[in-house]
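Thanks for coming. I will go through one structure this morning, starting with an aromatic residue and ending with a pair of helices.

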Amino acid sequence: MQDRLAAFAAARDWQRFHTPKNLVAALSVEASELVEIFQWLTPEQSARVMEEPSTAARVEDEVADVLAYLLQFCEVLGIDVLTALSAKIDRNERRFPAPKEAGVDVDDQGARHSPE
């Protein structure tokens, strides 16, 4: 996909605009457009968002935009996105070991954590 995105940009002479700053800004904008779809939905409505074909298409388009800019950003900076993701999961597995009690993540002081 990164090669295809690079070829697409090269065919249009867009590489000069694909600086890390520009790509991360575009990524932020596209992520915000994805958020906008869900902004005023209840949790229940958000869980069913893919049931409406026109909304599902919008979600898929924005997900594609976010992923495309992230992949282009990684390409420009020489980041192997799958290696970076794997390393992050490894760190989170060490930071947040699976709880002994299913469904609860509590540290020694009783604080609950999210995996980020």
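Phe8 has a relative accessibility of 40%, so it counts as partly exposed. Before I go on, please keep in mind that this is a predicted model.

What lies over the face of Phe8? That is Arg12, at 3.6 Å from the ring centre.

Phe8 also has a ring partner. The count of aromatic pairs comes to one. In that pair, the ring centres of Phe8 and Trp14 are 5.5 Å apart and the planes stand at 70°; edge-to-face pairs need over 60 degrees, so this one is edge-to-face. Trp14 has a relative accessible area of 37%, and is therefore partly exposed as well.

Next, Asp13. Its phi is positive, at about 60°, although Asp13 is not a glycine. Asp13 sits in the loop that runs between helix H1, residues 2-11, and H2. With a relative accessible area of 43%, Asp13 is partly exposed.

Now the helices. Two packed helices are described by the angle between their axes and the distance between the axes. Here I take H2, residues 20-38, and H4, residues 53-77: the angle is about 160° and the axes are 9 Å apart. Parallel or antiparallel? The cut-off for roughly antiparallel is over 145 degrees, so H2 and H4 are roughly antiparallel to each other. The crossing of H2 past H4 is left-handed.

As for what makes up the contact of H2 with H4, its residues comprise 17 nonpolar, five charged and two polar.

That is what I have; I will take questions now.

Note on methods: Residues numbered from 1 in each chain as written. Predicted model: local features only at pLDDT ≥ 70, side-chain atom pairs only at ≥ 80, totals over all residues. Heavy atoms only, no water. Axes fitted to C-alpha atoms, helices over the stretch in contact; angles between N-to-C directions. Helix = DSSP H or I, 4+ residues; strand = E, 2+ residues; numbered from the N terminus. Parallel < 35°, antiparallel > 145°, perpendicular 65-115°, else oblique. Left-handed = near helix turned anticlockwise from the far one by under 90°. Nonpolar A, V, L, I, M, F, W, Y, C, P; charged D, E, K, R; others polar. Phe/Tyr/Trp six-rings, centres within 6.5 Å; stacked < 30°, edge-to-face > 60°. Buried < 20%, exposed > 50% of the residue type's maximum accessible area, 1.4 Å probe, protein only. Lys NZ or Arg CZ within 6 Å of the ring centre and 35° of its normal.
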